[in-house]
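Visitor: I have a model open and want to learn to read it. Where do we begin?

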Amino acid sequence: MKITLIGVGLIGGSMALKLKAKGFASYIYGVDQNLKHLEEAKELGIIDEIATLEVAVSNSDLVIIAIPVDATRKMISKVLDLAEPGKTFMDVGSTKEGIVNIIENHPNRSRFVAFHPMWGTENSGPESATGESFAGKAGVICDRENSADDALKMVEMVAENLEMHLIYMKAADHDIHTAYISHISHITSYALANTVLEKEREEDTIFQLASSGFSSTVRLAKSHPEMWVPIFKQNKENVLDVLNEHISQLRKFKSALEKDNDELLEELIRNANKIRGILR
């Protein structure tokens with residue numbers, strides 16, 4: 001199986017390493033605007049050859065688009081223009097509706113499968129890639145009815161080799177759900193980090209006292225804006241909806257503290273504790 005990897009960073013690089021280790025990928029072409037990343041990816045064994053988009057796609061059975069979602073939207077039509085019978089195209093972006101809407105009427109739409117591996121870290125670049133990233137995680141395929149059967153089967157095989165379990169849903173539903181379980185988490189982490197950084201100007205001992213709990217809470221704040229600004233913009237309406245609810249919940253805690261309402265404070269915490277039964 002020959003694969004084109006468009007974007008050789010954390011997600012794409014990790015997929016490449018795993019698919020190679022499983023014997024699913026025999027040869028991987030790397031395409032990226034960042035020449036340094038391409039050279040690093042080749043040195044790390046993530047890709048076998050640096051190539052242009054046209055050369056890579058023409059020689060590949062599968063094309064994986066692993067770049068920020070705004071870049072995907074800009075180039076997805078151009079990439080699908082290169083589709084030939086039997087070739088499969090997939091993306092790995094964190095938003096889906098905007099991407100599938102752009103190619104809704106593309107003559108090669110059926111060769112594309114919208115896929116989102118539910119894994120990531122605050123790190124970026126090929127040096128952050130790891131082959132054991134996806135095992136046990138969910139992989140989401142969106143709007144499968146719009147993909148050709150053989151293309152869908154190909155991406156299902158990719159997920160199987162990544163050792164992921166599959167979930168199928170509509171692109172619009174996917175974007176709503178990821179706003180709740182991923183996108184709001186990043187905004188919250190960024191906001192908390194900014195809050196503490198502002199206070200740290202006055203009290204330089206804050207970070208000396210920081211516990212593992214604080215570190216895990218703000219870990220996502222290390223995530224790069226190049227990736228997350230486009231995600232927030234692409235999923236703006238859903239993120240705003242979730243953000244409004246989050247602000248409402250913060251106000252409840254603020255009110256309980258201001259009014260010395262211990263009963264409400266305990267109620268809010270006990271209600272939040274229900275998450276234990278969901279996330280084990």
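Guide: With exposure. A residue is buried under 20% relative accessible area, exposed over 50%, and partly exposed in between. Keep in mind that this model is predicted.

Visitor: Is Thr 217 buried, partly exposed or exposed?

Guide: Thr 217 has 42% relative accessibility, so the residue counts as partly exposed. Thr 217 is found in helix α9, residues 212-217.

Visitor: Which residues does Thr 217 contact, leaving aside neighbours within four places in sequence?

Guide: Ser 189 and Leu 192.

Visitor: How far apart are Thr 217 and Ile 247 in sequence and in space?

Guide: They are 30 residues apart in sequence. C-alpha to C-alpha, the distance is 17 Å.

Visitor: Which residues make a nonpolar surface patch with Ile 181?

Guide: Ile 176 and Tyr 180. With Ile 181, they make a patch of about 290 Å².

Visitor: Now helix pairs. How do the axes of α11 and α12 cross?

Guide: Angles run from 0 to 180 degrees between N-to-C directions. Here, helix α11 (residues 236-258) and helix α12 (residues 262-272) have axes that come within 8 Å and cross at roughly 150°. The crossing of α11 past α12 is left-handed.

Visitor: Which residues make that contact?

Guide: From α11, Gln 249, Lys 252, Phe 253, Ala 256 and Leu 257. From α12, Leu 264, Leu 265, Leu 268 and Ile 269.

Terms used:
Residues numbered from 1 in each chain as written. Predicted model: local features only at pLDDT ≥ 70, side-chain atom pairs only at ≥ 80, totals over all residues. Heavy atoms only, no water. Patch = residues over 30% accessible without salt bridge, like charges linked within 9 Å, V, L, I, M, F, W, Y side chains within 5 Å. Areas by Shrake-Rupley, 256 points an atom, 1.4 Å probe, with all protein chains shown as cover. Salt bridge = Lys/Arg side-chain N within 4 Å of Asp/Glu carboxyl O. Helix = DSSP H or I, 4+ residues; strand = E, 2+ residues; numbered from the N terminus. Left-handed = near helix turned anticlockwise from the far one by under 90°. Contact = heavy atoms within 4.5 Å. Buried < 20%, exposed > 50% of the residue type's maximum accessible area, 1.4 Å probe, protein only.
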